[in-house]
Amino acid sequence: MAESEDIFLRAKQRTFSGLTEDAEREWKGPFCFIQAADPQLGLMKAWRDGDCDGGGEEWAEEVELTKQAVEAVNQLTPRPRFMVLCGDLVHAMPDTPFRDGQERDLKEALKGTDSSIPLVFVSGNHDLGNTPTPRAVEQYCSAWGDDYFSFWVGGVLCLVLNSQYFYDSSACPQLMEAQETWLEEQLSRASTEPKPKHVLVFQHIPLYLKTPDEEDDYFNLQRLVRQNLLERFKKAGVKAVFSGHYHRNAGGFHGGLDMVVSSAIGCQLGGDTHGLRVVVVTASGVTHLYHSLEQLRAGGMDQQLAKLLQAGGAK
């Protein structure tokens, strides 16, 4: 297999260098992974021009930032078990100008990721459209892989969800129902043997930004949907939900569930910097910290996170 094809073939087939094998169902000690969000090639210039519904004809800045992210991740010790990109891979909506070029250049930038660090892709609203259609979902899956799926890594069950079905499934109700049936099965698995050490969820749109009872907003899920998911996740023992979409760091810890909202590799809409979140998984919990790309490239992960890994004997 040519090296240039490897990272995307693994993404489409969901083979992830053994992450789906039975051996990954066993807890073998602490490990780390990287959560990223919103490279969204094309948004930075569109945002500056005030044309976020269109525009996006330039994306060299986001390509360079993505390459910096790859460089930072590749030099981490110990190596992350995987890196997950939580949606809005590109800015151009389905069937609009620049879409093909943005996808092509993002794939090219990600090709430099070390082959020992599988990439996990999560669909966002710009990847599927705010009201996704079956055609848009099919196009996304062809380019990046399944829009929802699960995998095991180091004794941890990870669920990747298509949050656009929660936001507006009016144009694809059957696809939404299929994910719902699948999700219920997956959450039921969380209480069966072998029972996972932790259950983690990855999606693009946050359940909430600060508190579970906050008002509905473009950047969160509607309260009725949110409460339904929160109840189901808590019942299944989900430890954390990781998301993007907000282009700022946010989130909160309520009822034993950590809602993690990470800022972007690309365009920043607040006071945060372009960055990545380093997540350390131990037997007792899930600890994480957002790092700027500059910080991660120059000094590696935060020392407190590194100590958690060393204390657990991570190799």
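This passage walks through a predicted protein model, from its overall form to a few individual residues.

The model is predicted, so local features are reported only at pLDDT of at least 70 and side-chain atom pairs only at pLDDT 80 or more, while totals for chains, interfaces and linings use all residues. Residues are numbered from 1 along each chain as its sequence is written, and side-chain values use heavy atoms, with hydrogens and water left out.

The C-alpha trace spans about 50 × 45 × 40 Å along its principal axes. Its secondary structure comprises eleven helices and eleven strands; these are DSSP runs numbered from the N terminus, with helices (H or I) of at least four residues and strands (E) of at least two.

Of the 315 residues, 56% count as buried. Buried means under 20% relative accessible area, exposed means over 50%, and partly exposed lies in between (1.4 Å probe, protein chains only). The accessible surface comes to about 13,100 Å², and carbon and sulfur atoms make up 48% of that surface. These areas come from the Shrake-Rupley method with a 1.4 Å probe, and for residues only the protein chains shown count as cover.

As for charge, the protein carries 30 positive and 44 negative side chains, and the centres of the two sets lie 7 Å apart. In this count Lys and Arg are positive, Asp and Glu are negative, and His and the chain ends are not counted. Each charge is placed at NZ of Lys, CZ of Arg, CG of Asp or CD of Glu.

The cysteines come next. A search of the whole structure finds zero disulfides, a disulfide being a pair of cysteine sulfur atoms within 2.5 Å. Cys 158 is in no such pair, and the nearest cysteine sulfur, that of Cys 86, is 11 Å away. The sulfur of Cys 267 is 7.1 Å from that of Cys 52, its closest cysteine sulfur, which is too far for a bond. Cys 158 is buried at a relative accessible area of 1%, and Cys 267 is buried at 5%.

The backbone also holds some points of interest. Most residues other than glycine have a negative phi, and most peptide bonds are trans. The loop between strand 1 (31–36) and helix 2 (43–49) contains Asp 38, a residue with a positive phi near 50°. Gln 40 is placed in the loop between strand 1 and helix 2, and has a positive phi near 40°. Both residues are buried, Asp 38 with a relative accessible area of 0% and Gln 40 with 2%. A cis peptide bond, with omega near -5°, runs from Thr 77 to Pro 78. Pro 78 sits in the loop between helix 3 (60–74) and strand 2 (83–86).

Asp 127 belongs to helix 5 (residues 125–128) and is buried, at 1% relative accessibility. Leaving aside residues up to four places away in sequence, Asp 127 touches Gly 87, Asp 88, Leu 89, Val 90, Pro 94, Arg 99, Val 122 and Tyr 140. Its C-alpha atom is 20 Å from that of Glu 180, which is 53 residues away in sequence.

Gly 101 lies in helix 4 (residues 99–110) and counts as buried at 10% relative accessibility. Glu 24, in the loop between helix 1 (3–13) and strand 1, is buried with a relative accessible area of 13%. Glu 24 and Phe 151 are 127 residues apart in sequence and 8.8 Å apart in space, C-alpha to C-alpha. Gly 50 is in the loop between helix 2 and helix 3 and is exposed, with a relative accessible area of 66%. From Gly 50 to Glu 184, 134 residues apart in sequence, the C-alpha distance is 41 Å.

Conventions:
Contact means heavy atoms within 4.5 Å.
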